[in-house]
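Here's a quick briefing to read alongside the coordinates. Take a look at the model first, then come back for the tour.

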Amino acid sequence: MLEARNLSVSLGTGRLRRQVLCGLNVEVSAGRWTCVLGPNGSGKSTLLKTLAGVWPAGGAGAGAQVQGDVLLRGAPLYRLPARQRAQTVAWLAQGEPEATANDLSAYDVAMLGRLPHRGWLAAPGPQDHAAVEQALRRTHAWDWRHRPLGALSGGERQRVLLARLLAVQASVLLMDEPIANLDPPHQADWLRLVRDLVKQGHTVVSVLHDVSLALLADDLVLLRQGVVHHAGPSHSEAARAAIESVFDHRLRLVRTEEGGWVAAPC
Amino acid sequence: MTLSRSEPHPEAGPSRRQRSPAALALCLLLAALALGVLALGVGSTGFEPIWRMWQDPLSAQIVHDIRAPRTLGAFAAGALLGLAGAVAQGLFRNPLADPFLLGSASGASVGVAAALAGWGLSPLAAGWALRLGLTGAAFVGAVLAVLLTLVLARGVQQTLRLLLAGVVVGVVLGAVTSLITLSAPDTLQAMQAFMLGSTAFVGWPAVWLMVLVWCGCTAVAWALARLLDGLVLGEDSAASLGLPVAPLRAALVAVMALATGAAVAQTGLIAFVGLAAPHLVRSLVAAGHGWLVLLSGLMGGLLLLVADALARAVVSPEEWPVGVLTALLGGGYLLWLMHRRAA
């Protein structure tokens with residue numbers, strides 16, 4: 001579905017320039033949930049951004065230099081028209097939105113997800129309103145859709161941003177730390193949402209810090225210092241051994257009574 | 001979760017959302033019209049020339065050649081600054097951004113100072129040629145300064161670099177202005193008048209120019225407003241939504257520079273209108289950036305109209321430079337805003 005070939009990305013300019021991804025190869029299977037794991041600074045967010053096609057074509061913008069190919073269904077992603085790419089691949093940024101978004105209502109923020117589908121000067125149509133309503137209901141944000149983003153808690157904001165992502169109705173969804181601000185019940189909601197999306201045929205790629213949660217994904221991609229340390233199905237002895245080694249064995253995977261696995265720092 | 005209650009309209013909600021931006025636009029226009037008529041009556045001869053306009057050619061001249069252009073001019077200049085402010089705040093994703101941010105104000109000052117010193121003009125010889133020359137110099141200075149800022153920032157890609165370059169250009173050109181003024185002390189008074197901002201010298205050609213630029217800039221900004229909407233979640237998110245960020249941003253910077261340059265060239269440095277107008281609009285109505293740029297223009301026009309009328313009325317028959325009044329009003333408003341946010 002989505003594939004990176006010999007991908008190298010460096011960020012920053014001048015003396016601050018550093019290589020973040022170094023000739024990385026990875027393939028994301030269609031209709032599956034892939035989770036990207038790795039220590040801090042291993043290039044997870046940069047990989048996700050590059051897969052989303054966020055860097056401008058040619059890769060010169062904002063100091064980012066991109067070499068290698070990103071293929072969407074075998075075709076170079078960076079040569080697709082921007083609108084078409086945006087309709088197919090949706091990306092959720094890491095962290096909090098900036099203060100200027102505080103004036104917008106949750107509904108308006110979710111409506112931003114319809115930008116790739118709307119005509120240049122067209123007002124939102126019935127389809128757009130329907131998509132936004134569906135997205136806000138799926139993230140349980142519909143009840144307070146009129147409240148401004150600035151008046152919401154961190155977890156509520158995160159759910160609105162998630163709705164913004166869903167409103168795009170893209171077939172590939174890339175999420176960078178989507179549950180960092182969510183409490184356990186909402187993490188469970190997110191998990192159910194991702195499983196529903198995958199069941200409907202969507203492809204989901206997420207960066208998570210919670211290793212126990214990441215082990216519930218279909219596939220794992222482990223990054224270390226800008227290269228793929230291990231990639232493959234999560235339910236294998238090899239994947240579990242690779243997780244322990246990618247975190248320098250400062251983490252142990254423990255089997256639960258139900259047959260699942262949880263991570264314990266050590 | 002069961003929500004059986006049917007929703008009549010997905011947009012229905014609390015007060016700020018219920019206000020229609022179109023209704024606010026109409027209110028602002030009507031208020032500006034009413035104030036404009038009132039402002040026609042402000043001057044050393046009061047309302048008398050308006051009543052006698054049809055019989056007395058001198059009264060007609062006072063109204064048509066002096067009061068009408070400066071009233072309309074105040075509205076147009078304010079509208080340009082309000083529009084530029086709304087674009088700047090959206091573009092730099094900073095509610096404290098100001099249209100003078102990219103060095104246009106200091107560039108215009110250098111242009112005026114250089115013109116005054118270079119041509120050896122005395123401020124008292126305020127004829128048409130001088131007016132036109134100064135206007136041109138201010139405009140060229142403003143546009144050149146914005147270009148310089150863009151070159152120093154190596155394009156419009158990075159907001160932070162753009163802001164820093166704007167500050168640097170502002171400081172350096174401010175120093176250049178001081179140097180020019182110091183070396184030609186007889187330009188000091190004229191320079192001071194420019195720095196404070198005044199609508200006293202606006203004639204009909206200037207009015208039409210400003211109105212034309214405002215209409216053009218509003219149309220372009222309206223068409224590009226979706227980039228500003230997309231930018232509220234950050235540049236990368238805007239790019240991920242398929243918006244061509246770099247070219248659209250360059251176009252918006254051009255709109256901002258043109259609008260600011262046109263206003264500054266005719267009326268000098270009028271502070272705070274560009275900063276306050278979008279804030280006032282946002283406190284009244286929640287709308288996308290398309291409406292915001294239009295409404296901020298109308299609000300800016302109204303603000304400057306009020307300030308101009310007050311500047312003429314308070315110490316009548318003398319008058320204050322309108323920039324002093326906007327600085328006082330705008331500063332007060334910002335303080336109040338700060339206090340309210342902190343509380």
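A nonpolar core here is a set of buried Ala, Val, Leu, Ile, Met, Phe, Trp, Tyr and Cys residues joined through C-beta atoms within 7 Å, and buried means that 20 or more other C-beta atoms, placed from the backbone, lie within 10 Å of a residue's own. This is a predicted model: local features need pLDDT of at least 70, side-chain atom pairs count only at pLDDT 80 or more, and totals for chains, interfaces and linings use all residues. Residues are numbered from 1 along each chain as its sequence is written, with chains lettered from A and ligands numbered from 1 in the order in which they are written.

**Core**
- The largest nonpolar core has 188 residues, and A:Ala110, A:Leu174, B:Leu80, B:Leu83, B:Val87 and B:Ala259 touch the most other members.

**Sheet in chain A**
- Six strands make an open, mixed sheet in the order 6-7-8-3-9-10; strands pair if DSSP finds at least two bridges between them.
- Strand 6 (89-92) and strand 10 (227-233) of chain A are the edges, each pairing on one side only.
- Strand 3 (residues 33-37) and strand 8 (residues 203-207) of chain A run parallel, joined by four bridges.
- A:Trp33 sits opposite A:Val204 in strand 8 of chain A.

Terms used. A residue is buried if 20 or more other C-beta atoms lie within 10 Å of its own, exposed if 12 or fewer, and partly exposed in between; C-beta atoms are placed from the backbone. Helices (H or I, at least four residues) and strands (E, at least two) are DSSP runs, numbered from the N terminus.
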